[in-house]
Amino acid sequence: MSDASPAIGGDRGRDWQPWVILGVLAIVLIAILWLTHRGERPLSKRTVQSGIPLTADQKSVDFQTADLTFEVLPNEKRLNGHAILGFQVKAPITKIQFDLDPELPISALAADGQVLDTSKWANDDGLVTVNLPQPKRAGDRLTLDVTYGGRPHVAKRAPWDGGFVWAQTKDGRPWVATAVEGEGCDLFWPCFDNSLVEVGTVTQHIIVPKGLAAPSNGRLLGIDHLADGRTRWNWRARHPNNYAIAIDVAPYQLAQTTYQSRFNYRMPVQYWYLPGETKQAQNLLAEMVRTIGFFEATVGPYPWWDEKMGVVETPHLGMEHQTINAYGNNYKLAPEGFDWLMNHEFSHEWFGNQLTNGDWDDMWLHEGFGSYMQPVSIGWLHGRMGYDEAMWKQRQTIANKFPIVSGKHQTEESVYRPETGPAGDIYVKGSWVLHTLRGLIGDQAFWTAVRREVYGTSDPRPGNFQPRFGSTNEFEAIASQEAHRNLKWFFDVYLRQAHLPRLVTSRQGSTLSLQWKTPHGLPFPMPVEVDIDGKRQVVPMTSGRGIVSIPAPYSVITIDPESKLLRQDDAMDSYRDDQASKKASGGN
Ligand SMILES: [Zn+2]
């Protein structure tokens, strides 16, 4: 530039030109940045949350069907959507409301086939209100036709935040995924963003560029070849969780086999993977088949036995998308010979998709139970050592900052933020609560209680159960019935208090005294096993206290020799805090 510049102090008329050029360049740059990063704008206050209580109008209808067409345009990072939503009216309405990210503007809307003027509907901060042309009475049906589109919200670090992931394969082809558990379904389709609403049937028609595949939820109805070379993938799923609806697009290949169940059905097992990974894909497929067999033997029938077991390789770590679980663990090897991520997401088909929490406050029913299945699975593969080792690892990160269950309505966000909710404890502490419960009431009562909570029956068979909503209170009642004793004290201390019970022990002369100390002095008659010189005894601790006599001055005493009890452990806490501070300061 200096070569072509006029001498300093030369023609003033030419002096300003570089500034104009710079200014124009700056504006163009800002415009490009704005256009390419629009997806990272903050979401509206309503859209960012999931689990906001339903509006009166939403409560007045039964959301029965959603027929969703998605045109996925990876080059433009754009989504064009057309949704046909079917409702059964339960109480009189003059308007209907649904959730949709306002950054995906609606271009046309019709009610029962009648196109509505734009004055009849509006999207206020993510809540769309549609004034109906005629009032509806209980028993009426209502169909809404919604045409919308735009650049869907982009997730920055999926699955920990929600949105679209526009990635590329190693050879530069589109690799697209969605993960919207935290923010909800309204990031890409018109829905009721509340876990209490599960649409009876969701049909998807996903249009993708030539050469790409779009595996999705449920059964494949067929693939249409469009005149322009693109393909349309048609899928149908029954009763999916709203956040379980997923779009996955890539040049996928399919590893597939048939599963023959102990419950007398046959079902496809599918793993959709990127080209060049056939060997790893076949290994994972074999592990999937083994895993489903184990889960069916332990918990009960696979809930989507009439659809498929599906896993798809994603650019993000994972997510429990019903019958099309996201897998992004890169076939990581583990000494257990076991893929924890596949196992964890798969567990959500029972704990999350079949059994769904009625409120996010009960989210441990998904994550605590889901996380407990990994140690149980490793125990199946490797015996007691594998189980204990996995439990020991989980024990090291329990935070005890907030109760797992608050007893109040919660959004997903408030549960997951460590400043406001139990966050990781719904996983690891939830898993440990189940471990301790199992130790207390025994295998038979424990697994029967789990089965009843998941299916609503102790004898589930394909066809005799439906997806259901559960709660902590319900599980407490079922576990109490199966154990033939009231377990309120157990759930009160472990789930409804932040701090763990502490077992205070003191040895004086020939006596060992034990006492449970609980938050607010809550009752805690938790029996304690004690080994003295190799001899086991159970201290009933009925009033929270117990005494054991010690035969000799140097008797060797081990309290809780089988590590059944979740209890306060100061050394563990110091270690946890030390690890956390080292991590925060960049060390290891
Ligand atoms: Zn999970």
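Me: Is His344 buried or exposed?
Reply: His344 is buried in this predicted model, with a relative accessible area of 6%.

Me: What about Glu367, buried or exposed?
Reply: Glu367 counts as buried, at 1% relative accessibility.

Me: Switching topic. How many disulfides are there in the whole structure?
Reply: A search of the whole structure gives 1 disulfide. Cys185 and Cys191 form it, with their sulfur atoms 2.2 Å apart.

Me: Which hand does the disulfide of Cys185 and Cys191 have?
Reply: It is right-handed, because the torsion about the S-S bond is about 95°.

Me: Are those two cysteines buried or exposed?
Reply: Cys185 is buried, with a relative accessible area of 0%. Cys191 also counts as buried, at 0% relative accessibility.

Me: What about the largest nonpolar core, how many residues does it have?
Reply: It has 148 residues, and those with the most contacts inside it are Trp189 and Tyr271. Helix α9 (residues 425–455) gives the largest share of this core, 15 residues. Apart from that core lies another, of 5 residues, among them Ala155, Val165, Ala177 and Ala179.

Me: What does Tyr271 touch?
Reply: Leaving out residues up to four places away in sequence, its contacts include Leu254, Leu284, Leu285, Met288, Val311 and Val312. Tyr327 and Tyr331 are among them too, as are Gln253 and Glu313.

Me: Next, Val493. Where is it found, and is it buried or exposed?
Reply: Val493 is in helix α11 (residues 488–496). Val493 is buried, with a relative accessible area of 0%. Beyond four places in sequence, Val493 touches His499, Pro501, Thr518, Leu522, Pro523 and Phe524.

Me: How far apart are Val493 and Ser581 in space?
Reply: They are 28 Å apart, C-alpha to C-alpha, and 88 residues apart in sequence.

Me: Back to the whole protein. How many helices and strands are there?
Reply: There are 12 helices and 27 strands. The C-alpha atoms fill a box of roughly 100 × 75 × 50 Å along the principal axes. Of the 588 residues, 53% are buried.

Me: What share of the contacts joins residues at least 24 apart?
Reply: That share is 69%, among contacts between residues at least 6 apart in sequence.

Me: Last one: what is the mean pLDDT, and where does pLDDT stay under 50?
Reply: The mean pLDDT is 93, and 93% of the residues reach 70 or more. pLDDT stays under 50 over residues 1–15, where the model has 0 contacts beyond four places in sequence. Residues 35–39 also stay under 50, with 5 such contacts.

How values were computed. Residues are numbered from 1 along each chain as its sequence is written. This is a predicted model: local features need pLDDT of at least 70, side-chain atom pairs count only at pLDDT 80 or more; totals for chains, interfaces and linings use all residues. Side-chain values use heavy atoms; hydrogens and water are left out. Buried means under 20% relative accessible area, exposed over 50%, partly exposed in between (1.4 Å probe, protein chains only). pLDDT is the predictor's confidence in each residue, from 0 to 100. Contact means heavy atoms within 4.5 Å. A disulfide is a pair of cysteine sulfur atoms within 2.5 Å. A nonpolar core is a set of buried Ala, Val, Leu, Ile, Met, Phe, Trp, Tyr and Cys residues joined through side-chain atoms within 4.5 Å. Helices (H or I, at least four residues) and strands (E, at least two) are DSSP runs, numbered from the N terminus.
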